[in-house]
Amino acid sequence: MELYEYTELQSRLGAIADFDDMTDDASLQALVEYLRPFLRNVIGVTIGKGGEGKTTLATNLAYMLAEEQALRNAQGKSAKPVLYIELDQNGDSRTDFGLHAKILKMVLDRSGDTEADVQAEVSALVREFDDHGKSLRDAITNDGSLKVIKDLRPFLDATVSGKHCADIAARISKLSDAHSLAAYLMLALLLAQISHLYRWIVLDFAPGDKSIQRTGLAAATHLVAPIHNTDNAALGGLATITRLIRSNRRLNPEVELAAIVFLGFRKVNGDATKELLNVRVKIETLLTQAKMDPDMVLDEYVRDARSIATLCRNHGKPAREFALAATGELKDENGMLVPRPRDENGRYADPEASVKLADDYSNLARGVITRVRQRNTELRDNQLQGAS
């Protein structure tokens, strides 16, 4: 794991400098059309309300995609890392990935000292690695360099979010006063310059502020929306996303919901309950009425496993990594077996339940990527037809 800084980036402010008139559709369209082919590996995870498991889904999806690339590399096939970006000031990805614990282990492995002996060095590294989103904020809203944590996991890079991400919305809004809609392309302009270095970019953006949503929607090509509750608020959050997609066509004519996924629903003997079947039918009906593809509602879903999910977060491990640890199969960077995780009462985590949860996320990731690849094929075909 190391901190890497992308410094040789072209000016995003320079690219939007000439946009000061909202009626300049031709120039804006030309910029958008130029950017789109560079961003077809950007998967946005979002929903129009909080509490639906957005970050948990995003971190697990990024981890599973990175694991696939690591496997390809082990098989001698071409592979690229995956980049995870979180824009939420209150995001939990640092916890989900156990960033601070990894820093501590990295120092201990290097020095051989006790935890008490290295606290000063650990604190300094934490401040270096975890800038609470300052670098990310400056890269999106100005021409700052972008810092990423390389190899947070094998073939997984990540940015760090935090309190400074709270400034992104206001800064983008201020830029829009001067440069109109083009201001919301700042993130797209940033990612377009580094997207070729990554197989996938998973973009986790908050449901609250419309400036953030518009910025995220301008950068992503494929959206994944999690549903954790069956109430009308969850369906309203889904409707909010579809409205925002349609209202931002000038910034991104390609972005669409690629998949709607269910998180935290009970399974009985491996099968879905009536609760999930009913909400699935309700959403598919709404999509059909809106002339949208009901097949975006995935058959794969994540079961209700709250105790294991809580342990995953407490131990800073995505579900698959946690399952490997729970079954005594996870090795660290030095090839040593990682101790099996325990719950708050000192009992070992249930290995069978851990594996079932991990398998759910694996199946879900395959379902999402199948939909994404189908959409990318359609987009490429449409582009070729337009060119001819």
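1. Helix 10 (residues 210-219) is mostly covered, with 8 of its 10 residues buried; buried here means under 20% relative accessible area, exposed over 50% and partly exposed in between, with a 1.4 Å probe and protein chains only. The buried set is Ser211, Ile212, Gln213, Thr215, Gly216, Leu217, Ala218 and Ala219. Helices (H or I, at least four residues) and strands (E, at least two) are DSSP runs, numbered from the N terminus.

2. A quick word on the basis. This is a predicted model, where local features need pLDDT of at least 70 and side-chain atom pairs count only at pLDDT 80 or more, while totals for chains, interfaces and linings use all residues. Residues are numbered from 1 along each chain as its sequence is written, and side-chain values use heavy atoms, with hydrogens and water left out.

3. On to the nonpolar cores, meaning sets of buried Ala, Val, Leu, Ile, Met, Phe, Trp, Tyr and Cys residues joined through side-chain atoms within 4.5 Å. The largest has 68 residues, and Leu185 and Ile283 touch the most other members. Helix 9 (residues 186-194) gives the most to this core, 8 residues. Beyond its neighbours within four places in sequence, Ile283 is in contact (heavy atoms within 4.5 Å) with Ile227, Leu235, Leu238, Ile260, Phe262 and Val297. There's also a second, separate core of 54 residues, which includes Leu61, Leu152, Phe322 and Ala326.

4. The largest pocket comes in at about 900 Å³. A pocket is an open set of points on a 1 Å grid over the protein atoms alone, with protein on both sides within 12 Å along at least five of seven lines, and lining residues have an atom within 4 Å of a point. Volume is the space filled by probe spheres set on the points, which are joined across faces, edges and corners. Of the 33 lining residues, Lys102, Arg153, Glu321, Lys331 and Glu333 lie nearest the centre. Helix 5 supplies the largest share of the lining, 5 residues; helix 3 (54-74), strand 4 (146-153) and helix 14 (319-326) each supply at least two.

5. Asp138 sits in helix 7 (residues 134-141) and is buried, at 17% relative accessible area. Its side chain makes a polar contact of 3.4 Å with that of Arg171; such a contact is a pair of N or O atoms within 3.5 Å, and within protein one must be able to donate a hydrogen and the other to accept it, with residues adjacent in sequence counting only if both atoms are side-chain atoms.

Key
1 Å grid on protein atoms, 1.4 Å probe; cavity = no way out; pocket = protein on both sides within 12 Å on 5 of 7 lines; lining within 4 Å.
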